[in-house]
Each structure stands twice: as C-alpha cells, then as structure tokens.
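Visitor: Could you take me closely through one part of this model, the surroundings of the ligand? I would like to know what lies around it and how it is held in place by its neighbours.

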Amino acid sequence: MDQAPEVAVIGAGIVGLSTAYALAERGVTARVYERGLPGHGQSGGQSRIFRHAHDDPRMVELTRQGRAVWDEWSDRLGAELISGDGVVALGSPVPRRLRILQEADGIPVRSVDSAELHARMPLLADYRGPAMLDEGGGAIRTRVAVERLADALGDSVVTDEVISLHPTDRGTVEVLSAVGREEYATAVVCAGLGTARLARSVGLSLPVQPAAHVRLTFQVEGEPPERVACLQDSSGEFGEVGVYAVPYPGNSRYAVGLSQTVEVREDGSFADPAALAELSDRAHAYVTRALPGLDPEPVEYLHCWVTSLPWSEDGMAVWEAGRIFFAAGHNLFKQAPRLGRALAAAAVGEELEEDLRPAAALGQPR
Ligand SMILES: Cc1cc2nc3c(=O)[nH]c(=O)nc-3n(C[C@H](O)[C@H](O)[C@H](O)COP(=O)(O)OP(=O)(O)OC[C@H]3O[C@@H](n4cnc5c(N)ncnc54)[C@H](O)[C@@H]3O)c2cc1C
C-alpha cells in the first residue's frame, strides 16, 4: 500500500498551493484537499497587484522577501508570474509610504512627476499630486500561477471536501473528508472563507471578518499600451480615496475596484442587498472620470468573498491547535509564496515565525 502523505493541506487557493509547493521543495509529501477547482475561491479571476507598499514595515520586509520567492518560482515553473511594469500610487499617503519603503533594504521605489506618471500609466487622466512608482511591483499573472503550481503538484491535489479535522492523542491530525478518513503528522488549513469554520471545530475563534467585494474589468480603447502599471489611487482627485486597478496579460483589459467591501452576516447574507451594486456603480463612475484610456462599459464583473482581519486590510496571521495551522488574512495573493514557505517550515516542526502569530498583528499600521 502507498504510504500516506505527511501533511494535509486544506484548500487549493494560492495559499494552499504555495504551501504544498514549498513542502515539496523540502521533499515533504502533502495531500491538498480542494472541494471545487484549484484557484476558484478568493484566488479566482485574472490579475492581482503585487505591491511592496504597506503601512507596517514588517510587512514591507516580508513582501520584499516574497518578491524573491516569486522570482525563484517564476524561473522554476518557466513562466512570468509578475509583470515588469510596476505599481504607481497616488495621493496623500505617498510621502509616508515612500519613507517606509526607502528605509527598507533594496526596494526600487521613487516619487514620479506627471510626465513619468503618464508614461508609466498612459490610461490615467491628468494628475499632478503626490505620486510614486514601485518598480519591483507589478501585475501577478494569477491564472498562470495557479495552473503551474497545480500542475507541479499533480495528483497531490484531490477533489474532496474536508468536513472536520482534529488533533489526536497520538500527536497527529485526523482529517474527515467527504470520502475519506486519514491521519497526518500535520495539517495546514488555507481554506479561505472556510478556515474560520474548521478552526471553530477545534475550539479556536478566528476574528475573520467575511465581506463581499466587486471588481470590474474594462477594455482598453485602441491599441493596448506596451507598458501599463498597476494603480493604487488614494488621492480623492477623481472622487474616490481607495481605488486599485490592475492590467490583464497583454494589457488589453484593465480591472478596477474600490478597496471598500460590503460587510456580510456570518451566514453570508447581506444586511443591505443593494450595497454591492452601489460599489460597482461607484467603480464604474470612477473609470469615467479617472481612466479615459478605457471604454467605460464594463466587460466583466468579479463578485467575490474576502476575509479580513480586524487590524488591517492587509493583515494576516496563523493560528495553531496542536499540529494544525490555520492561515487567514486578506490581500494574500502577493504574500502566498513567502507565506507558503513559512507554513511549510512550521508544518515540518520549525517554530512558527513570530511575526505570523496573531499577537503580532502583522499588517497593522505602525
Ligand atoms: C477582486 C479581488 C481583488 C484582490 N486583489 C488583490 C491584490 O491586488 N493583491 C493581493 O495580494 N490580493 C488581492 N486579493 C486577495 C487575494 O486574492 C486573496 O487573499 C487570496 O487569493 C486568498 O487565497 P487563499 O488561498 O487564502 O483562499 P482561496 O483562494 O479562497 O482558497 C481557499 C480554497 O479552499 C477551498 N476550501 C474551503 N473549504 C474547504 C473544505 N472544507 N474542504 C476542501 N476545500 C475547501 C475553497 O474551495 C478554495 O478553493 C483580491 C481578492 C479579490 C477577490
């Protein structure tokens, strides 16, 4: 009989796939349980922003390390996983964020004038306020990343839903799934919206705040620009103070969303059913004012769940119960390879990194 894998990973979003891949780098076998398709949850859809800018210097450092892991995996998986076109940020937070980034070691970031801004972000209307360019940031090629990681993991990814898991008195973890009952040395739960529920079964109450989010995609007018940066607009110049935008591969489409989310009840129902459509309308109106390089009629909508921690929209943390680790947070796509390596290290018995413990409140502005 085949020997059972050593580690169970619950969830084949970008975090679970990265964790299993990082375990494989160490020669450790894993089984990845996914109840749907890999990358269909919060990791769904094309493109995410990789940016170094955060309000917590510890997170800036983690992201700097994360970029190196993305590059390593890009080489190994034989695909561009992050575009080389950078991220531009606009608005009053720029000077503070620039200072934090410049204090970190080796992040290529600088302020830019309106001429350079136009060259980097030709879809944007005229803007003369504070702006910076994170040259080491870019658009994450999400679909390629998910596909390549899932391919590399092959049969380790199984279609099965984990119903419950618990530590045993033998110091192992028992996983009960739709079609199985297995014992592992360790389990790592990266189940997105499903993580808090599985944690509750072992007595942990994770402060995860589920919410709903919408992102709209627009067609670029005319020939796609050769280079186009991602955008983080906190300026208010175009009527909104929290907007992000990211190109698709090939630059012919550009996705735009407000950072704002809509709170939902614990069971996923909406207190205000119109709120998500209103967010959509605001993103649409923003495009008509700020992005004249786009056809203002959306060609795609991405409605999705997000799971934030209370201390920051970039917060992330890992909880432990015996040999089970639970990872939670928001804006985790960019962090996934670095987080995956940290989870793999913890899964094989190394101390969990201090900054990832919930008490560290990683991501909290400092
Ligand atoms: C529109 C949008 C824009 C975003 N923009 C950015 C951005 O610019 N930059 C950034 O870094 N991040 C961004 N994020 C956030 C980022 O995409 C997510 O934080 C990240 O994808 C979460 O990955 P995950 O693997 O933790 O969760 P998920 O992708 O949700 O994966 C969890 C998986 O677990 C599976 N699962 C759950 N329960 C079970 C169970 N019991 N048994 C088996 N399988 C189970 C689910 O089916 C799912 O596939 C954005 C998110 C959205 C939605």
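**The shell around the ligand**

Guide: The ligand is surrounded by 32 residues, of which the closest are Glu-34, Ser-43, Ile-49, Val-162 and Cys-304; a residue is near a molecule if one of its heavy atoms lies within 4 Å of it. This is a predicted model, in which local features need pLDDT of at least 70 and side-chain atom pairs count only at pLDDT 80 or more, while totals for chains, interfaces and linings use all residues. Residues are numbered from 1 along each chain as its sequence is written, and side-chain values use heavy atoms, with hydrogens and water left out.

Among the polar contacts (pairs of N or O atoms within 3.5 Å), an oxygen atom of the ligand lies 2.6 Å from an N or O atom in the side chain of Glu-34. A ligand oxygen is also 3.2 Å from a polar backbone atom of Asn-331, and one is 3.2 Å from a polar backbone atom of Phe-333. Taken alone, the ligand exposes 1000 Å², of which the protein buries 96%, with areas computed by the Shrake-Rupley method using a 1.4 Å probe.

By residue type, the shell divides into 14 nonpolar, ten polar and eight charged residues, where Asp, Glu, Lys and Arg count as charged, Ala, Val, Leu, Ile, Met, Phe, Trp, Tyr, Cys and Pro as nonpolar, and the others, Gly among them, as polar. Because domain 1 (7–43 + 145–208 + 312–360) and domain 2 (87–135 + 209–308) both give residues to this shell, the ligand lies between them; the domain bounds come from an automatic or database domain assignment.

How values were computed:
Polar contact = N/O pair within 3.5 Å; in protein donor to acceptor, adjacent residues only side chain to side chain.
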